[in-house]
Amino acid sequence: MGMKRVYTGFLCLLTVLILSSRVRLCDGGISSNYVRKYNSNVDMPLNSDVFRVPPGYNAPQQVYITQGDHEGKGVIVSWTTPDEPGSNSVLYWAENSNVKSSAEGFVVSYRYYNYTSGYIHHCTIKDLEFDTKYYYEVGLENTTRKFWFVTPPKPGPDVPYTFGLIGDLGQTYDSNNTLTHYELNPLKGQAMLFVGDLSYADNYPFHNNIRWDTWGRFIERSAAYQPWIWTAGNHELDFVPEIGESKPFVPYKHRFSTPYRVSDSTSPLWYSIKRASAYIIVMSSYSAFGTYTPQWKWLKNELPKVNRSETPWLIILMHCPMYSSYVHHYMEGETMRVMYEPWFVNYKVDVVFAGHVHAYERSERVSNVAYNIINRKCSPVRDESAPVYITIGDGGNQEGLATEMTQPQPRYSAYREASFGHGILDIKNRTHAYFGWHRNDDGYAVEADSLWLFNRYWKLDEPSASHVMR
Ligand SMILES: [Fe+2]
């Protein structure tokens, strides 16, 4: 009898344990238990080959391109010459043409504490043909350098296009790994949506801007050949009044151009572009965004302008995530969420990409907009009009990974994992897009998380796997 009682008790205990563990698991989505290799989180040394200075007197370096107009027929080419200003011109020609054209840009330089920049050139090339490969050349006489890019197709609802996604890249061995994985991914990104925190130069004494130069040379191998769409993060602020640097974003604004004027923005930190079937809105988490501020006013006017019949995919980039269940930076995006989430739901934004948290996370389609101070409706609920929120701040910078997660995993969190990697958003047509997250520790073709996105504007009534709340 005694043994039987012990046995029954043991069974009861086992059942309780199993049930309780199930209840815990049911709180949210998947928290990956993937164990990654040890990462040392150190920047690559200054003499690394990825930072190599191109040979020749005053040779152009840190060459990168970004979109130069609203439709995709323009490109801004930026580069730095170290010794003297040299030429501001870009020579360019279509792949199958002998006719060479020239565009004239301008040159800037800046001082930051005891650092003086090189000569930073920005040149906008306008009125290119859509969907065409162009070669371009910068520099003078014997030290010219030649690159190429492909313009996107004319915007239209069913134009397929593939975007890469990287955030918080920095310049460590892990950063190099991330960029290499992106380059070798069989799904080829045609333009990079970069969600902020670029060089991490500000982690050096007096924000040693030499690390801005090394970062520019590091990314050139990708960014000279496809546009990187820039978002500013907190590591672009470079705000240090103690050393006389009391104006935010000085290195960033001198080094990186954005086509903000063509979307009627008054600041390079927030703007929009069309690219193929996507309408991309870039926001600034570290500029004023409260009611009546320039950014608020711009976005209020901007959202109604988006023609989803022409560009069905409405994508927002910002640095600080509005939904994140990691301990590090927890709730930092809450003020932005309170301000803008109702607009994102109202205008049926498809995806919001952010960085900042050095990990990966994907949300369910949820909103938290019902709360009115007295009704207690302050929890996120499933919402078919809401975007998917993806945090992709896992580029690999020197600060390492954000490994600590809030427990239990909230219901809105579909998948979270603290590994370095990059994303690919592969838009197929007006209704379907495929998103994959690639973890660096896997092979180039392996996705650690993925989902089909069903366009909010065109397919709102259809059931979708991404809506299933666990
Ligand atoms: Fe950040």
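In which strand is histidine 121 found?

Analyst: Happy to walk you through it. This is a predicted model, in which local features need pLDDT of at least 70 and side-chain atom pairs count only at pLDDT 80 or more, while totals for chains, interfaces and linings use all residues. Residues are numbered from 1 along each chain as its sequence is written, and side-chain values use heavy atoms, with hydrogens and water left out.

Histidine 121 is found in strand β9, residues 119-125 (strands, E, of at least two residues and helices, H or I, of at least four are DSSP runs numbered from the N terminus). With a relative accessible area of 0%, histidine 121 is buried (buried is under 20%, exposed over 50%, partly exposed in between, with a 1.4 Å probe and protein chains only). Its side chain makes a polar contact of 2.8 Å with the side chain of asparagine 88, and a polar atom of the histidine 121 side chain lies 3.0 Å from the backbone oxygen of proline 85. A polar contact is a pair of N or O atoms within 3.5 Å; within protein, one must be able to donate a hydrogen and the other to accept it, and residues adjacent in sequence count only if both atoms are side-chain atoms. Leaving aside neighbours within four places in sequence, histidine 121 is in contact (heavy atoms within 4.5 Å) with residues including Val77, Trp79, Ser87, Phe106 and Val107.

Next, the metal. Asp197 (OD), Asn234 (OD1), His319 (NE2) and His356 (ND1) are the protein donors of the iron ion, at 2.1 to 2.2 Å from it. Donors are N, O and S atoms within 2.8 Å of the metal (3.2 Å for Na, K and Ca), and sites may look incomplete since water is not among the atoms. Along the sequence, these donor residues follow the spacing D-x36-N-x84-H-x36-H. Two of them link distant parts of the chain: aspartate 197 sits in the loop between β13 (191-194) and α3 (210-223), and histidine 319, 122 residues apart from it, in the loop between β17 (313-317) and α6 (334-346). Aspartate 197 counts as buried at 1% relative accessibility, and histidine 319 is buried at 0%.

On to the rings. There are 36 aromatic pairs, where rings of Phe, Tyr and Trp (its six-membered ring) pair if their centres lie within 6.5 Å, with planes under 30 degrees apart stacked, over 60 edge-to-face and the rest tilted. One of them joins tyrosine 64 and tryptophan 230 edge-to-face, at 6.0 Å centre to centre and 75° between the planes. This pair bridges 166 residues, from tyrosine 64 in strand β2 (residues 61-67) to tryptophan 230 in the loop between β14 (228-229) and α4 (250-255). Tyrosine 64 is buried at 3% relative accessibility, and tryptophan 230 is buried at 1%. Ring pairs also link both into a cluster whose members include Phe194, Trp212 and Phe249.

Serine 287 has its place in the loop between β16 (278-282) and α5 (294-302) and counts as buried at 14% relative accessibility. Its side chain makes a polar contact of 2.6 Å with the side chain of serine 284.
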